[in-house]
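Trainee: I am new to this structure and should like to learn how to read its features. May we go through them one at a time?

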Amino acid sequence: MDYIIIVAGGKGLRMGSDIPKQFLPIGGKPVLMRTLERFRAYSSALQIILVLPEAQQDYWRKLCEDYHFEVEHQIANGGQTRFHSVQNGLTLVPDDAEGVVGVHDGVRPFPSIEVIRNCYETARTAKAVIPVIPVVETVRQLVDLRTNDQKKSCSPVVRCQYTSRTVPRDDYRLVQTPQTFDIQLLKAANRQPYNDGFTDDASVVESYGHAITLVEGNRENIKITTPYDLKIAEILI
């Protein structure tokens, strides 16, 4: 059996809104509902686990009533970080489960069905898969000019010195979700102690020692974090 853990813990600070970004409407329906609907469209058998901060769960249930939202899902409590939120979501996946589990950002409502399918099917053999897209802009890398002693003494009020250099953009990819994994692999990787290098689920699995396979994502699969993103989402709808 396959699972998807949808993580939605945003507070909407960059949106400038009192309403968390995952609950803002696009095309007349909250972002998060559109995200869940996309995964249900991929598979009627997929087990959906939604991870939400406990303080937002009553609001979500009220939204589901108001919008007559009937996509079946379980709810887990959000954690201090994404890593801990995914850990909480994984508790709803049986310890002896076999199959693939995905992890997806709740504010990415536009993964294509083809990308979702490719992620899940590739993970059945590759065990750890993420969708990526090419970098189209020129990329510059910041180079720190400070000595080791200066680095130790540098504080937020000290202007630190950097230069920069162009790097080959073909060497880089932008990472999206869903990131999909063999269930037992992700469970084992998430038993590691947390560290700040865990920026996404792939970094957790990579730290555990397993290689990551890349598949092609879709550029429309944007992460909605700013008012500009919301405008783009309305156009995509």
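Mentor: Let us begin with a loop. This is a predicted model, and His68 lies in the loop between H2 and strand S5 (74-77).

Trainee: What is the phi of His68?

Mentor: The phi of His68 is positive, about 50°, although the residue is not a glycine.

Trainee: Is His68 buried or exposed?

Mentor: A residue counts as exposed over 50% relative accessible area. His68 is exposed because its relative accessibility is 66%.

Trainee: How does one describe two packed helices?

Mentor: Two packed helices are described by the angle between their axes and the distance between those axes. Here, helix H1 (residues 31-42) packs with helix H2 (residues 57-66) at an angle of about 75°, the axes being 11 Å apart. H1 is therefore roughly perpendicular to H2. H1 brings Leu32, Met33 and Leu36 to the contact, while H2 brings Trp60, Leu63 and Cys64. By class, the residues of this contact are 6 nonpolar, no polar and no charged.

Trainee: Which residues cover the two sides of strand S1?

Mentor: In S1 (residues 3-7), 5 of 5 residues are buried. Tyr3, Ile5 and Val7 are on one side, and Ile4 and Ile6 are on the other.

Trainee: How many bridges join S1 to strand S4?

Mentor: There are 5 bridges between S1 and S4 (residues 47-52), and the two strands run parallel. Ile5 has Ile49 of S4 as its bridge partner. S1 also pairs in the parallel sense with strand S6 (residues 100-105), over 5 bridges. In that pairing, Ile6 stands opposite His104.

Trainee: What span should helix H4 have?

Mentor: Helix H4 (residues 113-126) has 14 residues and, at 1.5 Å a residue, should span 20 Å. Its end C-alpha atoms are 19 Å apart, which agrees.

Trainee: Which residues of H4 are buried?

Mentor: An α-helix has 3.6 residues a turn, so residues three or four places apart point the same way. In H4, the buried residues are Val115, Ile116, Cys119, Tyr120, Thr122, Ala123 and Ala126. The elements they pack against include S1, H1 and S6.

Trainee: Where is the cis peptide bond?

Mentor: The cis peptide bond joins Thr177 and Pro178, with omega about 15°. Pro178 belongs to the loop between strand S10 (173-175) and S11.

Technical notes. Residues are numbered from 1 along each chain as its sequence is written. This is a predicted model: local features need pLDDT of at least 70, side-chain atom pairs count only at pLDDT 80 or more; totals for chains, interfaces and linings use all residues. Side-chain values use heavy atoms; hydrogens and water are left out. Axes are lines fitted to C-alpha atoms, for helices over the stretch in contact, and angles run from 0 to 180 degrees between N-to-C directions. Helices (H or I, at least four residues) and strands (E, at least two) are DSSP runs, numbered from the N terminus. Angles under 35 degrees count as roughly parallel, over 145 as roughly antiparallel, 65 to 115 as roughly perpendicular and the rest as oblique. Contact means heavy atoms within 4.5 Å. Ala, Val, Leu, Ile, Met, Phe, Trp, Tyr, Cys and Pro count as nonpolar, Asp, Glu, Lys and Arg as charged, and the others, Gly among them, as polar. Buried means under 20% relative accessible area, exposed over 50%, partly exposed in between (1.4 Å probe, protein chains only). Two strands pair if DSSP finds at least two bridges between them. The expected span of a helix is 1.5 Å times one less than its number of residues.
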